Amino acid sequence: MSYLEFNMPMSSTCLIAYALHADTKRVLALGQGDWSLYIMRLFRLRLVKVLSEMPDPVIHHIEMCVFDAQDTLNRLKKFGFNLFAKRQTASCQQLVARLGTVFYLITERSLHYKPNSISKNVGDETVRTESFTTLCCEESPAHEVDTVFNLAFSVKKGDVIDISERICTHGGQIIQAPTEITEEKNGTVFFSIVKSNCCGNIVHTLINTDDYNGEFLPGFEIVNQCEFSNDLKICGIDHCTLACYSGNSGKVVSFYEECFGMNRFQITSNDDENNGLIISDGVGLRLRAMEYWRCAETGLSYKNKNENSFLLVVVESLQGQTNCNVEEFLRHHKEGIEHIALRSQSIVETVSKLKNNAVDFRNPPRAYYDELRNNLKISRLGLDLDLLSQFGILLDNEDDSADESGGSPEKKYLMQIFAKPLFDLKTFFIEIIQRSGARGLGSGNILALVRSIREEERRNMMKSEAKTQEITKESFTSPRHC
């Protein structure tokens with residue numbers, strides 16, 4: 001039996017081990033001087049085959065446009081990312097930061113960049129002068145705000161054209177028409193760059209790499225060929241959240257449903273089809289979510305389905321709400337990508353190492369863990385709340401009915417923690433999440449996030465007022481006032 005006959009998902013390690021096991025008899029039949037060479041050759045050939053058939057991540061990369069690329073790279077290094085590749089063009093410097101299968105493309109606009117110089121008119125068409133170059137500030141005389149703005153999807157070849165056409169039909173913009181870029185050694189990438197008409201500066205690069213064997217994209221120089229360890233237990237991107245103005249989330253969801261074929265995802269049983277999930281309790285947020293892979297016939301037909309599907313979340317503050325993290329984001333940034341959640345296999349281990357790397361996380365409200373201890377459903381999970389409290393990790397459960405065999409309900413829960421903003425302004429941040437059967441977003445944890453931000457603001461205000469009073473007191477007791 002070949003390992004290709006297995007239908008169940010297996011890790012690359014398991015596949016490699018089985019590939020070797022399949023030829024055990026042949027190995028044993030070899031002479032003592034031949035077996036090690038045979039094993040090495042077999043391992044190398046089957047390892048290449050195994051890795052080539054492993055699914056690509058749903059998100060090819062995430063791009064940010066920043067004032068200082070090296071400074072941003074240093075900030076991402078605290079989260080375990082390392083420099084992987086780089087590119088220099090006339091318009092920008094680009095660095096690729098990598099953590100496992102997660103890639104951040106950091107773009108810094110050139111000091112000599114002239115507005116709209118990346119594109120030129122050729123006849124009736126607008127042609128891009130640089131492949132894979134798009135800036136948040138292409139039309140501006142200067143870079144304005146550091147931003148995460150490009151969510152690049154890995155898609156089927158046909159979707160590059162189909163989605164681009166649908167976005168144009170729905171009033172969006174095609175920044176780069178479907179184009180093939182060939183690299184002599186590694187093959188061809190088929191891609192386009194599109195922009196919505198409904199959510200700020202967000203663009204999407206649609207990428208197909210079926211005919212490409214390179215490690216990132218054509219034109220990028222790989223600078224770190226070393227194996228990237230998984231000491232942080234990060235296994236991919238869980239979800240991405242877009243922040244929009246009050247009353248706009250329905251329009252954003254409709255855009256992704258119609259253009260990308262995404263399907264609405266019910267966050268909790270209280271998530272209404274028309275109104276979304278409303279979190280009140282003095283917070284005033286509305287959430288709507290979509291998932292990518294159930295739409296294989298109509299749009300974003302990603303070539304592999306897996307149980308950890310990617311979620312795209314849209315959040316808005318309710319009318320009249322001003323004191324929340326979404327409104328803070330909008331004040332500094334306008335609509336756009338608010339945060340990315342990285343999925344962890346062991347959140348305690350991940351957070352412990354990130355804190356040692358000087359990553360600064362939000363602290364839960366003071367009464368948070370007392371409330372968890374008094375929650376019967378939470379106590380039934382049997383988790384160490386003291387340990388979670390030590391690291392500031394949030395916990396939320398998902399109710400579930402008994403299974404079909406009549407057994408007890410499955411314990412479904414998730415654990416989350418939110419880092420403070422990556423940039424100087426209170427805009428984009430990174431979340432760490434671990435799921436145990438749960439598929440939602442932890443509405444109770446979102447409530448705790450907003451409350452923790454408010455508590456921090458109150459503490460900072462009190463410190464500021466106390467410092468002002470101290471300065472005033474010193475000024476009046478100063479010898480020159482005597």
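Modeller: Buried means under 20% relative accessible area. The model is predicted.

Biologist: Why is Cys199 called buried?

Modeller: Cys199 has a relative accessible area of 1%. The cut-off is under 20%, so Cys199 counts as buried. Cys244, with a relative accessible area of 0%, is buried by the same cut-off.

Biologist: How do you know that Cys199 is in no disulfide?

Modeller: A disulfide needs two cysteine sulfur atoms within 2.5 Å. For Cys199 the nearest cysteine sulfur is that of Cys244, 5.8 Å away. That is too far for a bond. The structure as a whole holds zero disulfides.

Biologist: What makes helix 5 oblique to helix 6?

Modeller: Helix 5 (residues 157–169) and helix 6 (residues 249–260) pack at about 135°, with their axes 8 Å apart. Roughly perpendicular ends at 115 degrees and roughly antiparallel starts over 145, so this pair is oblique.

Biologist: Which residues of helix 5 and helix 6 meet?

Modeller: Ile163, Arg166 and Ile167 of helix 5 meet Phe255, Glu258, Cys259 and Phe260 of helix 6. By class, this contact has five nonpolar, no polar and two charged residues.

Biologist: What puts the buried residues of helix 8 on the same side?

Modeller: In helix 8 (residues 347–356) the buried residues are Ile347, Thr350, Val351 and Leu354. They cover an arc of only 90° around the axis, so they lie on the same side of helix 8. Among the elements covering them are strand 12 (234–243) and helix 11 (385–391).

Definitions and conventions:
Residues are numbered from 1 along each chain as its sequence is written. This is a predicted model: local features need pLDDT of at least 70, side-chain atom pairs count only at pLDDT 80 or more; totals for chains, interfaces and linings use all residues. Side-chain values use heavy atoms; hydrogens and water are left out. Axes are lines fitted to C-alpha atoms, for helices over the stretch in contact, and angles run from 0 to 180 degrees between N-to-C directions. Helices (H or I, at least four residues) and strands (E, at least two) are DSSP runs, numbered from the N terminus. Angles under 35 degrees count as roughly parallel, over 145 as roughly antiparallel, 65 to 115 as roughly perpendicular and the rest as oblique. Contact means heavy atoms within 4.5 Å. Ala, Val, Leu, Ile, Met, Phe, Trp, Tyr, Cys and Pro count as nonpolar, Asp, Glu, Lys and Arg as charged, and the others, Gly among them, as polar. Buried means under 20% relative accessible area, exposed over 50%, partly exposed in between (1.4 Å probe, protein chains only). The arc is that of the directions from the helix axis to the C-beta atoms.
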